[in-house]
Amino acid sequence: VEFIYALQNRLIYGRVRNRDGEFVLASLESIAAAASHSSITTSRNDDDFEISLVDAPGSGVYPISSLTWIVVRAQIADSAKRSAVSGFLQWMLGPGQRQAAASGYVALPEEIVKKEAAAIGKMN
């Protein structure tokens, strides 16, 4: 289950050994460490990229961290729908990120935010 679900439902969870051999408890800090120690892998098409937080290197990294993804069409013919989707995605990368911790989530690293913002700018 996801970290926030475990907290909200008072589930017991344990430490997990990371790549560096440390046994790390899930927390916003250990998940943030996984995000900050991960890097974006760009595919052949520079518009496509992927990132995995799983088993990221580094001290204090929770090894089974992950991202939540949203899949959006790159081309949306209806300009009102495109504007609404683009606005929502921009909110997610701006004010939405600032609200992440209050909801129990870790804000995205700046490198990912910049890459995502550039992809939103290419929607047509």
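**View A. Trp91, a partly exposed residue of helix H3 in a predicted model.** Trp91 sits in helix H3, which spans residues 79–93. Its relative accessibility is 38%. Trp91 therefore falls in the partly exposed class, between the 20% and 50% cut-offs.

**View B. A nonpolar patch on the surface.**

**View C. The largest nonpolar core.** Nine residues make up this core. Ala33, Ala34 and Ala35 belong to it, as do Ile51, Leu53, Ala56, Val61, Leu67 and Ile112. Helix H2 (residues 28–36) gives the most, with three residues. In soluble globular proteins, nonpolar side chains tend to be buried together.

**View D. The Arg19–Asp55 salt bridge.** One salt bridge is found in a search of the whole structure. Arg19 pairs with Asp55, and their closest N and O atoms lie 3.8 Å apart. The pair links distant parts of the chain, 36 residues apart. Arg19 lies in the loop between strands S1 (16–17) and S2. Asp55 lies in the loop between strand S4 (49–50) and H3. With a relative accessible area of 31%, Asp55 is partly exposed.

View E. Among the elements, strand S2 (residues 23–24) has the highest mean, 98. Strand S3 (residues 41–42) has the lowest, 56. Where pLDDT is low, the predicted coordinates should not be read in detail.

Terms used: Residues numbered from 1 in each chain as written. Predicted model: local features only at pLDDT ≥ 70, side-chain atom pairs only at ≥ 80, totals over all residues. Heavy atoms only, no water. Core = buried A, V, L, I, M, F, W, Y, C linked by side-chain atoms within 4.5 Å. Buried < 20%, exposed > 50% of the residue type's maximum accessible area, 1.4 Å probe, protein only. Helix = DSSP H or I, 4+ residues; strand = E, 2+ residues; numbered from the N terminus. Patch = residues over 30% accessible without salt bridge, like charges linked within 9 Å, V, L, I, M, F, W, Y side chains within 5 Å. Areas by Shrake-Rupley, 256 points an atom, 1.4 Å probe, with all protein chains shown as cover. Salt bridge = Lys/Arg side-chain N within 4 Å of Asp/Glu carboxyl O. pLDDT = per-residue confidence, 0-100.
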